[in-house]
Amino acid sequence: MQIEIFDSGYKLACRAADIFEETVKANPSAVLGLATGASPVNTYKELIARYNAGRLSFAGVTTFNLDEYCDLPQNDKNSYYTFMKENLFDSVDVKPENIHIENGNAADFDAEAAAYDRAIEAAGGIDLQLLGIGTNGHIGFNEPADAFTDGTFRIRLTESTIKANSRYFTDSKMPEYALTMGIASIMHAKKILLIATGGAKAEAIFNTVKGPISPRCPASVLRLHRDAVLLLDTAAAALL
Ligand code: GLP
């Protein structure tokens, strides 16, 4: 695992955008695994700036998002679908038909999850997977558990995640379930890029880098990946 520490969020976002730019320039039809949450927002801003400057095009890429809440209308302000439209998709030239986000309102969640895995496979697998990290070490919505998870599945969120994310649900109840890529789906990506900023992530980053490789801290599995890069700010790296 490669670790890089930055003294400014802007420099970190530029480094993350560099990795996206390299991937897309090397392969204009790259398959990108995308993430939501506060962590990737500045990276997406930088990617939009590079697109507007004519440096980068997403016209050939295919995207797969990590996760989506269940039983939340797709157009709800807190759905990850809305997040991606507002923070990236509406501002770049990615083709709508090449965008994939789990359907959190599917009638049959198991069928939806299996179809999502088949679509990733049919696209040739993920070239670059972007990740944030939960304060409990979760990646996507793979919560601490007794075993590492496999492909896409529906999960009941932990109390700590509900507490951490309910700050966004000011006028509605936060969903208790989500569909998420599993740990095996994430580990199949050719390259993985995890972004963590702020002191609230310091303990999760310590457990990821220095703790046991264990499903109790799902992100610790990234130490077994041959091309995983952690981009941290000084606050998130404070306990290393
Ligand atoms: C959510 C998402 C994760 C994300 C995490 C951290 O739970 N499912 O993919 O990494 O939150 O979010 P933030 O970057 O806002 O701290």
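This note goes through the predicted model point by point, from the whole chain to single residues.

1. Basis of the values. Because this is a predicted model, local features need pLDDT of at least 70 and side-chain atom pairs count only at pLDDT 80 or more, while totals for chains, interfaces and linings use all residues. Residues are numbered from 1 along each chain as its sequence is written, and side-chain values use heavy atoms, with hydrogens and water left out.

2. Overall fold and dimensions. The protein chain contains seven helices and 10 strands, where helices (H or I, at least four residues) and strands (E, at least two) are DSSP runs numbered from the N terminus. Its radius of gyration is 17 Å, which agrees with the value near 18 Å that a compact globule of 240 residues would have; the radius is taken over C-alpha atoms, and the globule rule is 2.2 Å times the number of residues to the power 0.38. Along the principal axes, the C-alpha atoms fill a box of roughly 45 × 45 × 35 Å.

3. Of the 240 residues in the protein chain, 54% are buried, with buried meaning under 20% relative accessible area, exposed over 50%, and partly exposed in between (1.4 Å probe, protein chains only). Among contacts (heavy atoms within 4.5 Å) with a separation of 6 or more, 79% join residues 24 or more positions apart. The accessible surface comes to about 10,500 Å², and carbon and sulfur atoms account for 51% of it; these areas come from the Shrake-Rupley method with a 1.4 Å probe, and for residues only the protein chains shown count as cover.

4. Charges. The mean positions of the 22 positive and 30 negative charges lie 5 Å apart. Lys and Arg count as positive and Asp and Glu as negative, with His and the chain ends not counted, and each charge is placed at NZ of Lys, CZ of Arg, CG of Asp or CD of Glu.

5. Thr152. This residue is in the loop between strand S6 (128-131) and strand S7 (153-156), and its relative accessibility of 8% is why Thr152 counts as buried. Its side chain makes a polar contact with the side chain of Asp117 at 2.7 Å; such a contact is a pair of N or O atoms within 3.5 Å, of which, within protein, one must be able to donate a hydrogen and the other to accept it, and residues adjacent in sequence count only if both atoms are side-chain atoms. Leaving out residues up to four places away in sequence, Thr152 touches Glu102, Ala113, Tyr116, Asp117, Thr180, Met181, Gly182 and Ser185.

6. Phe148 and Ser220. Phe148 is also placed in the loop between S6 and S7, but at 32% relative accessibility Phe148 counts as partly exposed. Beyond the residues up to four places away in sequence, Phe148 touches Ile183, Ile213, Ser214, Pro215, Pro218, Ser220 and Val221, and its C-alpha atom is 6.2 Å from that of Ile183, 35 residues apart along the chain. Ser220 lies in the loop between helix H7 (202-210) and strand S10 (228-233) and is buried at 0% relative accessibility. Apart from neighbours within four places in sequence, Ser220 is in contact with Phe148, Asn207, Thr208, Pro212, Ile213 and Ser214.

7. Ile3. Ile3 belongs to strand S1 (residues 2-6) and is partly exposed, with a relative accessible area of 33%. Not counting residues up to four places away in sequence, Ile3 touches Val209, Leu230 and Leu232.

8. Glu21. Glu21 sits in helix H1 (residues 9-26) and counts as buried at 9% relative accessibility. With residues up to four places away in sequence set aside, Glu21 touches Arg50, Arg55 and Leu56.

9. Asp71. Asp71 is found in the loop between strand S4 (67-69) and helix H3 (80-87), and it is exposed, with a relative accessible area of 53%.
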